[in-house]
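Please examine the sequence and the three-dimensional model shown below.

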Amino acid sequence: MRIDVVSIFPEYLAPLRLSLLGRAQTDGILELEVHDLREFTSDRHRTVDDTPYGGGAGMVMKPEPWALALEAVLAAQTARRHPGQGDARQGDPRQSDPPTLIVPSPAGEVFTQSLAYELAEEPTLAFACGRYEGIDERVLEWAAPRFRVRPVSLGDYVLNGGEVAVMAMVEAIGRLLPGVVGNPESLVEESHSDGLLEYPVYTKPSSWRGLDVPEVLLSGNHGRIAKWRREQQLRRTASRRPELLEGVDASQFSGGEREVLRELGYGVDDSGRLARA
Ligand code: 6GU
């Protein structure tokens with residue numbers, strides 16, 4: 001996968017060169033390019049922002065550098081998406097399969113594991129990091145026929161800019177690319193992979209400061225262990241994130257699991273979905 005990020009703080013994204021994602025880049029699984037928006041300005045002060053029309057607090061990112069930066073990203077990605085076609089496609093703004101442009105914003109759709117899986121299937125992704133009060137809205141209009149534009153939020157709180165959000169999203173997406181996480185089993189058993197939170201984990205010593213590892217995990221009985229872990233997932237999810245259970249298809253749960261869910265206050269409604277009793 002190729003990822004292009006446009007930011008006025010390219011150094012902010014430096015940690016994406018470390019650890020698992022750093023290795024993925026060395027291994028050629030991930031190609032990451034970070035572009036400095038100021039490189040696409042033409043005035044002496046390399047201005048990227050200006051005061052908002054209509055008044056109000058803060059500054060707004062100017063459209064001109066954004067269009068030039070995103071054109072550079074498009075050129076790089078088009079070659080990657082349509083190898084062997086030269087620049088035949090670059091003059092055509094309306095692509096049949098436009099690349100996805102993620103615009104981090106607290107006003108976007110919420111980023112989830114399911115969106116991470118969806119985006120991990122793309123050959124290229126572009127991220128446009130806004131700062132200040134945001135990017136001139138016309139940039140999104142201009143981008144719409146050229147990219148599949150998706151404003152995306154990490155959750156209901158406000159960051160100073162898109163960079164930290166991009167780090168989170170690129171890490172969540174990058175680790176799903178084949179070969180990035182050494183043991184793909186890790187991806188199956190983690191939180192959110194099946195809509196539930198992860199079960200608690202323990203390691204040696206079996207007794208530590210008067211606290212013992214649950215006996216079942218020392219039993220060697222893999223059937224009992226699997227059942228216990230699944231029950232822990234249900235208890236943890238009901239306690240910490242009850243909304244994750246509401247409305248899910250109850251047929252995926254065994255009789256024993258439905259018994260646990262009943263104990264936790266969930267019943268099954270007429271349409272076969274979990275509902276708080
Ligand atoms: Cl994606 N961007 C910003 N600036 N703030 C956020 C966010 C994104 N997600 C949550 N808060």
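In helix H5, the buried residues are Glu163, Ala165, Val166, Met167, Met169, Val170, Ala172, Ile173 and Gly174. Here, buried means under 20% relative accessible area, exposed means over 50%, and partly exposed lies in between, with a 1.4 Å probe and protein chains only. Helices (H or I, at least four residues) and strands (E, at least two) are DSSP runs numbered from the N terminus.

The model is predicted: local features need pLDDT of at least 70, and side-chain atom pairs count only at pLDDT 80 or more, whereas totals for chains, interfaces and linings use all residues. Residues are numbered from 1 along each chain as its sequence is written, and side-chain values use heavy atoms, with hydrogens and water left out.

H5 is mostly covered, since nine of its 12 residues are buried. Which elements cover them? They include strands E1 (2-7), E5 (100-110), E6 (124-128) and E7 (148-153), together with helices H1 (19-26) and H3 (113-119). The length of H5 (residues 163-174) can also be checked: at 1.5 Å a residue, its 12 residues should span 16 Å, and its end C-alpha atoms are 16 Å apart, which agrees. The expected span is 1.5 Å times one less than the number of residues.

The largest pocket has a volume of about 490 Å³. Of the 25 residues that line this pocket, Pro104, Ser105, Pro106, Glu133 and Gly134 are the closest to its centre. Two or more lining residues come from each of E5, helix H4 (137-143) and E7, and E5 gives the largest share, five residues. A pocket is an open set of points on a 1 Å grid over the protein atoms alone, where a 1.4 Å probe fits, with protein on both sides within 12 Å along at least five of seven lines; lining residues have an atom within 4 Å of a point.

The second largest pocket has a volume of about 300 Å³. Its lining includes Val110, Phe111, Tyr117, His192 and Arg241, and the largest share, three residues, comes from H3.

Finally, Glu198 lies in the loop between helix H6 (185-189) and strand E8 (207-208). Is Glu198 buried or partly exposed? Its relative accessible area is 30%, so Glu198 is partly exposed. Leaving aside residues up to four places away in sequence, Glu198 touches Glu189, Glu190, Ser191, Gln233 and Arg236, where contact means heavy atoms within 4.5 Å.

Methods. Points joined across faces, edges and corners; volume = space filled by probe spheres on them.
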